[in-house]
Amino acid sequence: MKQIESKQSGRVGFRIRVQPSSRKDEIVGWNEDGELRVRLAAPPVEGAANKRIPVFLAKQLGLKKRDIVIESGERSRSKLLSTPASARERLEEFPDV
């Protein structure tokens, strides 16, 4: 159940659920809570995982890393992100899990 919300700023907002310290970086898919599950090899120490999120997602979505903004949840595994609206179609392509 994908939860991608349009914002007035021409961006879209969505939640991700991060699993740090995984074997590799990968997108698992949308969970039943409407969050995009993401596994990152970076540890949750000193913001390493938060720094990796924009780099990894930008590559997956065909964006620049500055286009990915962590709106809230910097100290949580669940985070609210925003991207340009042009990324909506690519976000919707990720599977439900």
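**Close-up views of salt bridges in a predicted model**

**View 1. R52 and the pairing with D25.** With a relative accessible area of 30%, R52 is partly exposed. The model shown here is predicted. R52 forms a salt bridge with D25, and the closest N and O atoms of the two are 2.6 Å apart. This pair links distant parts of the chain: D25 sits in the loop between β2 (11–19) and β3 (26–30), while R52 belongs to helix α1 (residues 48–61), 27 residues apart. D25 has a relative accessible area of 21% and is partly exposed. D25 does not count as buried, because that term is kept for values under 20%.

**View 2. R39 and E26, a pair between two strands.** The closest N and O atoms of R39 and E26 are 3.0 Å apart, and the two residues form a salt bridge. R39 lies in strand β4 (residues 35–39) and E26 in strand β3, so that distant parts of the chain, 13 residues apart, are linked. R39 is partly exposed at 26% relative accessibility. E26 is also partly exposed, with a relative accessible area of 25%.

**View 3. D96 and K2, a pair between two segments.** A salt bridge joins D96 to K2, with 3.5 Å between the closest N and O atoms. D96 is in the segment after α2 (88–93) and K2 is in the segment before β1 (4–6), so the pair ties together parts that are 94 residues apart in sequence. The relative accessible area of D96 is 46%, which makes D96 partly exposed. K2, at 32% relative accessibility, is partly exposed.

**View 4. The whole chain, for context.** The structure holds 5 salt bridges, including the pair of R52 and D25. Side chains of opposite charge can pair when their charged atoms come close. The C-alpha trace spans about 35 × 30 × 20 Å along its principal axes. Of the 97 residues, 41% count as buried. Among contacts between residues at least 6 apart in sequence, 47% join residues at least 24 apart. The accessible surface comes to about 5800 Å², and 44% of this belongs to carbon and sulfur atoms.

Methods:
Residues numbered from 1 in each chain as written. Predicted model: local features only at pLDDT ≥ 70, side-chain atom pairs only at ≥ 80, totals over all residues. Heavy atoms only, no water. Salt bridge = Lys/Arg side-chain N within 4 Å of Asp/Glu carboxyl O. Helix = DSSP H or I, 4+ residues; strand = E, 2+ residues; numbered from the N terminus. Buried < 20%, exposed > 50% of the residue type's maximum accessible area, 1.4 Å probe, protein only. Contact = heavy atoms within 4.5 Å. Areas by Shrake-Rupley, 256 points an atom, 1.4 Å probe, with all protein chains shown as cover.
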